[in-house]
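Reader: Can you walk me through this one? I would like to start with the overall layout and then go to the strands.

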Amino acid sequence: MTNMKKRFVSIILMAVLALTLGLTGCKTETTVNIDASAVDDAIAEYLVNEVGKYYDKADVCIPVIHNLSTNIINSDATVYGDYWVENYDIKGDTLEFVSGGNYPGVFKLKINENGDMVVTDFQSPEDGEGYADSAKKLFGKYYEDFANYSADDKAKKEVRTKAIAEYVKANGLKVTQYHDYGWDPVALPTK
């Protein structure tokens, strides 16, 4: 009888194990392939439509995007970076800077029911004396990368010039340079 009880207990344990494995196997996780350009497009749209609306109208509003890190899990993305909204009037072949601002921070994005990537949240560091501490907390392990990029005027100018050139090309503008008040005009690359 002892063997029979052991055998019965073994069968029950095996059935419980099989049922457990079967139930956990029913949970499926869908991984969605997110295109980096879809992330950038959603961020650009947010910058122009949600941030840009607080500026006076200009001929063009150009988002400048510098992503430090993009973390994608399933249909969600978290993007750490430095972002600008820049507004220009077109004067001849020149974009004349009118207004703009810097918006470093962290974007949360998700694929919506239509299959489009959309921004669901944006957080940036506090203004004023709490800036450094809040930036460290917000950027976490990416803070050093953020601080290094923020201090590199040459890198920022390269990113800005490239973004403006891409915008000009994509929109068929007959512009060859951009100009900030008090500075020399900057020629746009022709490629």
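**Fold and strand pairing**

Author: The protein chain has 5 helices and 7 strands. This is a predicted model.

Reader: What pattern does the chain follow along the sequence?

Author: Read along the sequence, the order is α-α-β-β-β-β-β-α-α-α-β-β.

Reader: Now the strands. How many bridges join β2 to β4, and do they run parallel or antiparallel?

Author: There are 6 bridges between β2, residues 76–91, and β4, residues 105–111. The two strands run antiparallel. As for individual residues, D76 has K110 in β4 as its bridge partner.

Reader: And how many bridges join β4 to β5?

Author: Again 6 bridges, with β5 covering residues 117–123 and running antiparallel to β4. Here F107 has F122 in β5 as its bridge partner.

Reader: How many residues lie between the strands in the hairpin of β4 and β5?

Author: The hairpin has 5 residues between its strands. In that hairpin, G115 takes a positive phi near 85°.

Reader: Different topic. What share of the residues counts as buried?

Author: Of the 191 residues in the protein chain, 32% count as buried.

Reader: What about the accessible surface, how much of it belongs to carbon and sulfur atoms?

Author: Carbon and sulfur atoms account for 53% of the accessible surface, which comes to about 12900 Å² for the protein chain.

Reader: Last one, on contacts between residues at least 6 apart in sequence: what share joins residues at least 24 apart?

Author: In the protein chain, that share is 53%.

Definitions and conventions: Residues are numbered from 1 along each chain as its sequence is written. This is a predicted model: local features need pLDDT of at least 70, side-chain atom pairs count only at pLDDT 80 or more; totals for chains, interfaces and linings use all residues. Side-chain values use heavy atoms; hydrogens and water are left out. Two strands pair if DSSP finds at least two bridges between them. Helices (H or I, at least four residues) and strands (E, at least two) are DSSP runs, numbered from the N terminus. Buried means under 20% relative accessible area, exposed over 50%, partly exposed in between (1.4 Å probe, protein chains only). Contact means heavy atoms within 4.5 Å. Accessible areas come from the Shrake-Rupley method with a 1.4 Å probe; for residues, only the protein chains shown count as cover.
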